Amino acid sequence: METDRFCVVQRLQHRAKVGLGTAVPDGVNSAQFGSVNGLTARIPSRRSAVLLLRGLLATAFALVPSTAVSPAQTPAFQESVSPLRTADLLKLASEFGSANPARSAYSAVITLAYERAPFQPRDVVAFEENPYFVYALAATGASEEAEQAPHRFRRVILLKPSTIVVEDTIQAPSSPQEFRWLLSSRTKPVVTKRTARLVDQQGVVVCETLFPGQAHSRVTPGTAGSSGAEHHLVVEGPSGTAESRFVHVLQALPLAGGSEAMTRMATRDGSLHLSVSTDLRDFQVTLPPVGGGAGDITVADRRGKLLLPLRPFPSGILPMGPEGMRLLDMWDSSYRGGHRPPWDAGRPSAELKRVVESGIISRGRAVDLGCGTGTDAVYLASKGFDVTAIDIAPTALSLAQERARKAGVKVTWLLADVLALPPMQPFDFLFDRGCYHEVRLHNAKAYVETVRKFSHPGSRFLLLAGNPNELPLRYAPPQVAEEDIRSDFSALFEFEWLRETRFETINPAIKPLAWSVMLRRK
């Protein structure tokens, strides 16, 4: 299903947690970004249904069909494969390997991995900065004109402070081909079995090929650049395949030397389960195949103390930079350590149950915007809906996944910003319990655009929002006047009803006044 291919959306949970700004990264066209509660997040360009079916969102990587292999042909091959460079890898680890870098890593990752053909910066569909990692995913071949061209996916993960996982996958829909992976350096790489050492002026990069198991490496001379001649580490996989997948672990070390990370990898059900142990931390990373989801990560220190519990990787571009990291941590902290925020009632919405069980809403493709710990999404799935649920808090999504497992239902969970979603097919039913009234304080227009893109004529939209017609005695969510709701949605939707109801909260005795709004897309 298309929703299994993508991930993205944001849970904006409390008024005090929004309204802080994050600058557009250096070198990024501000026209590609949309404001998210005062944050800046890139909104990916429109992708075709063809790429949706190919699973744009799961994994990202870049390889290239190669022709014959002589040194004289290396420059053309280098251009088409979008090679990585040791100098860029060393710079990325040096500048952004700390828990709290001074600026966003977005531009540096774009320069490193996605600014040379066949990739372009606009191909990036997922990005996150975290105290323990930086994650980016990009995909090419998204246009209708490129339907028969190879589809390339590249995922880059910086495991802080200095280990970089690069996964490249290419799908060749027209005919099986031979593919090669490329890494360049100023000095000649030294290759030993599946490991290569590449020396640069700033340090050493140790490159270990983990996948495919039958890959072999060789060294070729490259073209002369401004800093002198480059050499290329060429990793070749099996030939004559319709899809090739490469996974490398690259470690940035000082020239004086340093301890190399220990790596292990296992394959289960098409997913690669990667363990990376450094001097400081142990990382457990799951890399699904294209179409298999976003993957996940766990981080512990060398004594086994859990630093980052199991959580998903992002499926969209999240708020970035130091301020974005702080805000993401603030939203997520509401769910950590067994805590539940006031808005998490722990049971499905009574309004949602009413419209489903009375037959007002029929089964179909549904999306839960700001799903929290998943009570509503799991309820919809139990009633036969095909559910995609989106939130910006990874801890909430981890709790939601466990809830779905115990209930024995399937839900597609996406860690994403509701205002920076990758392409998905429109939904038959949209549900929002508490996301809209947070977002509209800062970007009502962008929220309306989100529901426009992910609805179709006839789609129904049940919206629950804070109501200002009562003075709150204790907890109350942000409140929206009736005229503002009508102003936001009247151009796109018919109002089936707009009436008063009450929110359920963690405390059954506290039920803030709310609006129940049922909309039908014109």
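Among contacts in the protein chain between residues at least 6 apart in sequence, what percentage join residues at least 24 apart?

1. Overall picture. The share is 69% of those contacts in the protein chain, where contact means heavy atoms within 4.5 Å. This is a predicted model, in which local features need pLDDT of at least 70 and side-chain atom pairs count only at pLDDT 80 or more, while totals for chains, interfaces and linings use all residues. Residues are numbered from 1 along each chain as its sequence is written, and side-chain values use heavy atoms, with hydrogens and water left out.

2. Composition and burial. The protein chain contains ten helices and 27 strands, taken as DSSP runs numbered from the N terminus (helices H or I, at least four residues; strands E, at least two). Of the 522 residues in the protein chain, 58% are buried, a term that stands for under 20% relative accessible area, with exposed over 50% and partly exposed in between (1.4 Å probe, protein chains only).

3. Helices α3 and α4. The axes of α3 (residues 86-96) and α4 come within 10 Å and cross at roughly 165 degrees; axes are lines fitted to C-alpha atoms, for helices over the stretch in contact, and angles run from 0 to 180 degrees between N-to-C directions. The two helices are therefore roughly antiparallel to each other, given that angles under 35 degrees count as roughly parallel, over 145 as roughly antiparallel, 65 to 115 as roughly perpendicular and the rest as oblique. The crossing of α3 and α4 is left-handed, that is, the near helix is turned anticlockwise from the far one by less than a right angle, whereas clockwise would be right-handed. On the α3 side Asp88, Leu89, Leu92 and Phe96 take part, and they meet Ala108, Val109, Thr111 and Leu112 in α4. The residues of this contact divide into six nonpolar, one polar and one charged, with Ala, Val, Leu, Ile, Met, Phe, Trp, Tyr, Cys and Pro counted as nonpolar, Asp, Glu, Lys and Arg as charged, and the others, Gly among them, as polar.

4. Burial of α4. Helix α4 (residues 106-113) is mostly covered, with six of its eight residues buried, namely Tyr106, Ser107, Val109, Ile110, Leu112 and Ala113.

5. Asp200. This residue is found in strand β11 (residues 195-200) and counts as buried at 5% relative accessibility. Leaving aside residues up to four places away in sequence, Asp200 touches Thr86, Ala87, Leu90, Arg186 and Leu255. Asp200 and Arg85 lie 9.7 Å apart in space, C-alpha to C-alpha, although 115 residues separate them in sequence.

6. Helices α6 and α7. Helix α6 (residues 350-357) packs with helix α7 (residues 375-382) at an angle of about 15 degrees, their axes being 11 Å apart, which makes α6 roughly parallel to α7. Their crossing is right-handed. Leu352, Lys353, Val356 and Glu357 of α6 make the contact with Asp376, Tyr379 and Leu380 of α7; by class, this contact has four nonpolar, no polar and three charged residues.

7. Helices α9 and α10. Here α9 (residues 436-453) and α10 (residues 482-489) pack at an angle of about 20 degrees with axes 10 Å apart, and are therefore roughly parallel to each other. Tyr436, Arg440, Ala444, Tyr447, Val448 and Val451 in α9 meet Asp484, Ile485, Asp488 and Phe489 in α10, a contact with seven nonpolar, no polar and three charged residues.

8. Cysteines. The structure holds zero disulfides, a disulfide being a pair of cysteine sulfur atoms within 2.5 Å. Cys207 is buried at a relative accessible area of 1%, and Cys435 is buried at 0%.
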